[in-house]
Amino acid sequence: TKIPTDGSELPLIASKELDGRYRAAREIDGVAHIVVQSSVETHSHISRALDNKRDVYDDLNREKYVAAATEKAKEVLHRFSTQMVEELVTNSGGKDCSAV
């Protein structure tokens with residue numbers, strides 16, 4: 001598709017839905033580079049599991065809470081990071097995400 005030189009609209013060649021907010025865009029060597037920013041919701045996945053006010057941590061002194069929360073964090077972070085990578089691969093059209 002040729003780029004119009006008369007000031008008319010560019011033709012839409014393709015579109016893709018992206019999560020996040022637009023941050024910047026540049027054209028480099030004829031290729032559009034679009035940057036979006038999105039946040040990762042961590043509270044329900046990580047913070048809540050480590051909250052020292054949860055029943056599972058009742059009656060633990062600080063030292064025992066830290067030990068129990070550290071073990072829980074290892075479990076939760078492994079599950080969270082595995083899910084995040086799976087979603088990145090899925091949302092990248094099956095690519096290997098080696099550039100992420």
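Predicted model: local features only at pLDDT ≥ 70, side-chain atom pairs only at ≥ 80, totals over all residues.
**Exercise 1. The surface as a whole**

*Solution.* The chain exposes about 9,000 Å². Carbon and sulfur atoms supply 52% of that area. Next, turn to burial. The chain has 100 residues, and 9% of them are buried. Burial here means a relative accessible area under 20%.

**Exercise 2. Fold order and contacts**

State how many helices and strands the chain has, and give their order.

*Solution.* Start with the count: two helices and two strands. Then read along the sequence. The pattern is β-β-α-α.

**Exercise 3. The hairpin**

Describe how β1 and β2 are arranged, and what lies between them.

*Solution.* Step one: place the strands. β1 covers residues 21-28, and β2 covers residues 31-37.

Step two: find the direction. The two strands run antiparallel, with seven bridges joining them.

Step three: find a facing pair. R26 stands opposite H33, a residue of β2.

Step four: look at the turn. Two residues separate the strands, and together β1 and β2 form a hairpin. D29 sits in the turn with a positive phi of about 50°.

**Exercise 4. Strand exposure and a nonpolar patch**

*Solution.* Count the buried residues of β1 first. Of its eight residues, the number buried is zero, so the strand lies largely in the open.

Now the patch. Its members are L18, Y22, I34 and V36. Together they have about 400 Å² of accessible area.

Check one member in detail. I34 lies in strand β2. Its relative accessibility is 53%. The cut-off for exposed is over 50%, so I34 counts as exposed.

Keep one general point in mind when reading a strand. Side chains in a regular strand alternate between the two faces of the sheet.

**Exercise 5. The network**

Which residues are linked in a network of salt bridges?

*Solution.* Begin with the total: the whole structure holds three salt bridges. The pair E71 and K74 is one of them.

Take K72 next. Its side chain meets that of E75 in a salt bridge of 3.3 Å, N to O. K72 and E75 are three residues apart in helix α2, so about one helical turn separates them.

Then follow E75 onward. E75 forms a salt bridge with R79, the closest N and O atoms being 3.4 Å apart. E75 and R79 are four residues apart in helix α2, again about one helical turn.

Join the two steps. K72, E75 and R79 are linked in a network.

K72 is partly exposed at 25% relative accessible area. E75 is partly exposed at 39%. R79 is partly exposed at 46%.

Note on methods: Residues numbered from 1 in each chain as written. Heavy atoms only, no water. Buried < 20%, exposed > 50% of the residue type's maximum accessible area, 1.4 Å probe, protein only. Areas by Shrake-Rupley, 256 points an atom, 1.4 Å probe, with all protein chains shown as cover. Patch = residues over 30% accessible without salt bridge, like charges linked within 9 Å, V, L, I, M, F, W, Y side chains within 5 Å. Salt bridge = Lys/Arg side-chain N within 4 Å of Asp/Glu carboxyl O. Pairing = 2+ DSSP bridges.
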